[in-house]
Amino acid sequence: MQTGGFRIGRFFGIEVRIDWTWLIIFALVTYSLGNTFGQFHADWEPTLRWGLAIVAALLFFGSVLAHELAHSLVSQARGNPVESITLFLFGGVSNIKEEPDSPQGEFLMAVLGPVTSLVIGGVLLLIGGGLGGPLAVGGDPMEIIGELGPVRMIVFWLGSINIVLGVFNLIPGFPLDGGRVLRSILWAITDDLRRATRWASFVGQGFGWMLILSGVAMVFGVQVPFFGSGLFNGLWIAFIGWYLNNASSQSYQRVVVQDVLEGVPVKRMMRQDPPTVSSSTTVESLVNDYIMRSDDQAFPVVNDGEWVGIVTLADVRSTDQDTWGSMTVGDIMTAHEQCTVLEPEEDAADAITKIGECDVRQLPVLESGKLTGVLRRQDLIQWMRLHSESEGWGPTSGLGEGGG
């Protein structure tokens, strides 16, 4: 997952990042908690209830991070590296490089996240029950909440929300954890990851549509069990349903892409002898003699047979047109030290990941330091069109047009 957010640190060797969308949900949670605390404790000073709301929201996202770390640590223990964890609008996501290698690995990795949330929630509820005096069992919940002190209030809320988080993630809607548990079971039965993912994805899309329809009904005043009704709640539930539906479909498409490309070397689909330019070529000549005369938007830069970098249409766009006659390709290109490169024998499934991470249209292919070709995004798309048409795969399935 690419993010425009920021890094907050490393835990167990895994980089943890916060996407900018996280600030939205953090603000909403804080605002909701501040108002809730005010409803039950009108005697609390604004500084106290809003301070508690901020602390509770931060602790909640700490719980989300613990949930994702549980997934990531199991993945790493099984030899599947985790590049990062990102907290964003809908919670958190672990950027795991590859699919699990077995149904057992998938099951363990998926189930440990919800189990972690349930354990955290249960422990916090027990701690909350042990703080202060005894609570009136069977009494009016509103009165009981109104009697809670600041610390006990946070502990009970945090325990309850972790229980909800654990239960929600066990819903068998792929790619939620419960959907991954379902996929692991189907995978074990069918011995076919793609088929298991397809079936689990259908279930996930079904849950997504159910949430969308429930949200729309709530907007029009229908009282939906567990969710209630109202404009804001309805829109939020519908939005979650849309996200689940979309994520489920894309998750299946990614598996198809990996399955089609796995084991195929880059050299089978790379473009050999691509057009190249020298670093001394003027930008004006690059535009008139290369870019305007072909459909290529990136050109390897070669001097005396040695590859020194790559220049793209984006590089040209970043320069003032009035300087094109005086500036050279060498002035605007990306030097080879800063470029990601491929090897002819490299797995195409790994290559597509690199192209996505770099957000470029093509990457140079080098053998023993010499340029042998380029692998273009459109070459990968064409290959998948030829080999996965029966799966309903399309060119927008995670391989949209990138930059450069």
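## Strand pairing

Two strands count as paired if DSSP finds at least two bridges between them. Strands here are DSSP E runs of at least two residues, helices are H or I runs of at least four, and both are numbered from the N terminus. This is a predicted model, where local features need pLDDT of at least 70, side-chain atom pairs count only at pLDDT 80 or more, and totals for chains, interfaces and linings use all residues. Numbering starts from 1 along each chain as its sequence is written, and side-chain values use heavy atoms, with hydrogens and water left out.

## The sheet

Look for an open sheet of four strands, in the order β1-β2-β3-β4, with mixed pairing. At its edges sit β1 (6-11) and β4 (91-96), each with a single partner strand, so one side of each has no neighbour in the sheet.

β3 and β4 run antiparallel, joined by six bridges. Across from Ser-84 you'll find Asn-95 in β4.

## The cores

A nonpolar core is a set of buried (under 20% relative accessible area, 1.4 Å probe, protein chains only) Ala, Val, Leu, Ile, Met, Phe, Trp, Tyr and Cys residues joined through side-chain atoms within 4.5 Å. The largest one has 26 residues, and Trp-22, Ile-25, Leu-33, Phe-37, Phe-61 and Val-64 touch the most other members. Two or more residues each come from α1 (22-40), α2 (46-77), β3 (82-88) and α5 (150-169), with α2 giving the most, seven.

Setting aside neighbours within four places in sequence, Phe-61 is in contact (heavy atoms within 4.5 Å) with Trp-22, Ile-25, Phe-26 and Leu-87. There's also a second, separate core of 22 residues, including Leu-261, Leu-342, Val-360 and Leu-380.

Methods: Buried means under 20% relative accessible area, exposed over 50%, partly exposed in between (1.4 Å probe, protein chains only).
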